[in-house]
Amino acid sequence: LAAGRLDAEIPGTTDHDEIGDMSRALLVFRDSMRANAALTNELAENSRLASLGAMVAGMAHELNTPIGNALSVSSTLEEQCKTFRKDLGSERLMRSSLERHAINLEEAASLIRRNVLRAAAQIGSFKQVAVDQTSGRRREFHLDDVLASVVQS
């Protein structure tokens, strides 16, 4: 028991003398140690699950921003396309209007691309953290990249 072997047999538990009393006391002690080990494992698992839940909540929050931005820009882009279609049908379409629509399309496409790339980078960062936590293997890395990833996360 002192070495942490909780499966060790305790001899003399059926004896009806002082040794039997001590052996039965050791049984109680061993069972308490087993229960304590089980509770410790359960506590560690609960802590791990709580950390995982916090990490998932953080991931959701971090991903919401670029995805929400991309969604907002895409809906604005959709409205601009409707306006452009109306301008096309009015037969009063001027070069300046075409230029304005082209600029708006370029800006919207750029914003959507940047936000989707940001979301993809965050997913990659979270994935690498998960791989690193589950893998016992060593890997080479650049500290500045890791720190940038941590800051971004």
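A residue counts as buried when its relative accessible area is under 20%. The model used here is predicted.

**Exercise 1. Find what share of the chain is buried, and describe its surface.**

Step 1. Apply the cut-off to the 153 residues of the chain: buried residues make up 12%.
Step 2. The chain exposes about 12,000 Å². Carbon and sulfur atoms supply 60% of that area.

**Exercise 2. Compare the chain's radius of gyration with that of a compact globule.**

Step 1. Take the reference. A compact globule of 153 residues would have a radius near 15 Å.
Step 2. Take the chain. Its radius of gyration is 32 Å.
Step 3. Along its principal axes, the C-alpha trace covers about 110 × 35 × 15 Å.

**Exercise 3. Describe the largest pocket and its lining.**

Step 1. Start with volume. The largest pocket holds about 300 Å³ of space.
Step 2. Go to its centre. Of the 14 lining residues, the closest to it are Gln 128, Asp 132, Arg 139, Val 146 and Ser 149.
Step 3. Assign helices. α2 (95-134) and α3 (143-152) each supply at least two lining residues. The largest share, five residues, comes from α2.
Step 4. The lining has six nonpolar, four polar and four charged residues.

Definitions and conventions:
Residues numbered from 1 in each chain as written. Predicted model: local features only at pLDDT ≥ 70, side-chain atom pairs only at ≥ 80, totals over all residues. Heavy atoms only, no water. 1 Å grid on protein atoms, 1.4 Å probe; cavity = no way out; pocket = protein on both sides within 12 Å on 5 of 7 lines; lining within 4 Å. Points joined across faces, edges and corners; volume = space filled by probe spheres on them. Helix = DSSP H or I, 4+ residues; strand = E, 2+ residues; numbered from the N terminus. Nonpolar A, V, L, I, M, F, W, Y, C, P; charged D, E, K, R; others polar. Rg over C-alpha atoms; globule rule 2.2 N^0.38 Å. Buried < 20%, exposed > 50% of the residue type's maximum accessible area, 1.4 Å probe, protein only. Areas by Shrake-Rupley, 256 points an atom, 1.4 Å probe, with all protein chains shown as cover.
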